[in-house]
Amino acid sequence: MKEISYYPGCSLHGTAGEYDDSIRGVSNLLDIKLHELEDWTCCGASSAHCTDEQLAIDLAARNLAIAEKSDRELLVPCVACYSRFKWAEKESKEHPEKIHFSYRGNIPIRYVLDFFCEGPILEEIKKKMTKPLSGLKVACYYGCLTVRPPKMTGIKEYENPQHMDHLMELLGAEPIPWSYKADCCGASLVMTRTDIVRRLSGKLLSMAKEAEADCLVTGCPMCHANLDTRQEELDKEVGENFNIPVLYFTELIGLSLGHKDVKKWLSHHITDPIKALSAKGLM
Amino acid sequence: MAYAMDILPNQILRHIQYDHRERVLSSKTIWICASCYTCSVRCPNNIDIAKIMDTLRGLAIHSGIKPGEKDIPIFHSVFLDTIKSKGRIHELSLILQFKFKTKDFFKDAGLGLKMYRKGKIKLFPSKFGGGREIKEIFNAFEKGERR
């Protein structure tokens with residue numbers, strides 16, 4: 001059994017609850033034991049780094065110091081948290097005087113998608129897969145901070161990332177080629193400049209639809225919310241009928257492993273994925 | 001993203017070189033930037049534009065110059081207030097406080113209800129966290145001690 005520390009972050013205790021549930025569910029089936037950090041706090045995410053650099057480092061470093069009490073790797077499912085932690089890690093090496101906690105930059109910080117795309121875990125998935133996702137055309141949507149900046153993420157193909165596509169292939173799905181894999185959805189502007197998010201997310205949905213994807217797949221709670229929740233609004237605005245489900249990649253791993261809770265996870269989505277998956281004979 | 005900016009990112013850099021402080025710090029651009037890092041990774045001169053935007057936002061907050069975008073700096077301050085008081089972001093508290101500050105109560109009300117029905121909105125925060133350490137972090141921030 002593999003053991004790993006886990007920092008869910010605020011979204012996964014709120015609007016992205018099904019992402020949290022599916023990560024826990026899938027990990028369980030793959031013999032990965034998650035240890036949620038004790039007394040974790042918000043990483044500071046979108047607002048701290050826009051306000052004050054040191055505040056952003058402090059809020060991240062506090063959590064990393066907790067994680068570093070054990071020598072386990074730290075698994076992070078939200079890319080905003082992941083990005084803030086990677087910045088703090090960089091600062092701990094380049095400017096250790098800016099770290100006001102016991103954190104020394106010694107534990108590997110792993111984004112959940114990168115973690116599940118690794119060789120041994122892929123092997124485990126392959127071994128335990130009971131239901132290949134045959135006939136499902138997926139548009140892999142990586143978004144911004146999962147791949148950028150590459151000096152933080154270590155992703156070499158940051159303009160045309162491939163790792164989620166390979167994972168989907170392994171699950172038996174058909175990843176479609178499209179050019180918007182790593183374009184921005186508008187992220188946290190959703191509450192303040194919803195018009196921008198509508199335009200950027202609308203573009204992503206149109207392009208996925210034009211590429212004839214059955215669904216979009218993501219590993220970011222913010223991208224998921226932006227793409228999943230506003231399709232009806234966009235339908236009215238641009239006279240389209242999007243109705244294109246947006247899935248967390250862990251939900252699709254769960255589906256291929258035959259996890260019993262998949263339907264429960266998917267029932268939280270605003271754009272119903274169950275009908276589309278049933279039509280493909282996958283549910 | 002650039003379509004919504006009043007000064008393009010490359011122009012922002014030129015204005016900085018000319019020391020057009022007020023022009024830069026009162027721009028919409030610095031708030032519209034969503035920190036997606038596309039420009040930073042494509043810049044032929046290796047300028048980390050997204051990081052510069054962070055610095056400019058920080059300067060703008062302390063400058064007393066009227067921000068080019070009304071709601072975005074309010075959102076950030078409400079976000080940080082929520083962390084300060086609860087240690088974590090409880091989305092509903094964040095949304096209500098933001099609406100209270102911007103007096104825009106009805107925007108997305110229908111969507112909110114739909115999300116509540118789907119079990120996406122938690123009425124109560126999961127747990128308050130951080131305690132003394134979070135207080136210390138915010139004390140230092142407010143006094144500018146670690147800057």
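The contact between the two chains takes 38 residues from chain A and 41 residues from chain B, two residues being in contact if their C-beta atoms, placed from the backbone, lie within 7 Å. On the side of chain B that touches chain A, at least two residues each are supplied by helix 4 (38-42), helix 5 (49-63), helix 6 (71-86), helix 7 (91-102), helix 8 (109-117) and helix 9 (131-143) of chain B. Helix 6 of chain B gives the largest share, seven residues. By class, this side of chain B has 20 nonpolar, twelve charged and nine polar residues; Ala, Val, Leu, Ile, Met, Phe, Trp, Tyr, Cys and Pro count as nonpolar, Asp, Glu, Lys and Arg as charged, and the others, Gly among them, as polar.

This is a predicted model, in which local features need pLDDT of at least 70 and side-chain atom pairs count only at pLDDT 80 or more, while totals for chains, interfaces and linings use all residues. Residues are numbered from 1 along each chain as its sequence is written, and chains are lettered from A and ligands numbered from 1 in the order in which they are written.

Chain B has nine helices and zero strands; helices (H or I, at least four residues) and strands (E, at least two) are DSSP runs, numbered from the N terminus. The C-alpha trace of chain B spans about 50 × 40 × 30 Å along its principal axes. Of its 147 residues, 32% count as buried, that is, with 20 or more other C-beta atoms, placed from the backbone, within 10 Å of their own. Among contacts in chain B between residues at least 6 apart in sequence, 53% join residues at least 24 apart.

Chain A contains 14 helices and eight strands, and buried residues make up 58% of its 283 residues. The C-alpha trace of chain A spans about 55 × 45 × 30 Å along its principal axes. Of the contacts in chain A with a separation of 6 or more, 78% are between residues 24 or more positions apart.

Four strands of chain A form an open sheet in the order 6-5-7-8, with parallel pairing; strands pair if DSSP finds at least two bridges between them. Strand 6 (174-175) and strand 8 (246-248) of chain A are the edge strands, each pairing on one side only. Strand 7 (residues 215-218) of chain A pairs with strand 8 of chain A over three bridges in the parallel sense, and Val217(A) stands opposite Leu247(A) in strand 8 of chain A.

Definitions and conventions
Buried ≥ 20, exposed ≤ 12 C-beta atoms within 10 Å, placed from the backbone.
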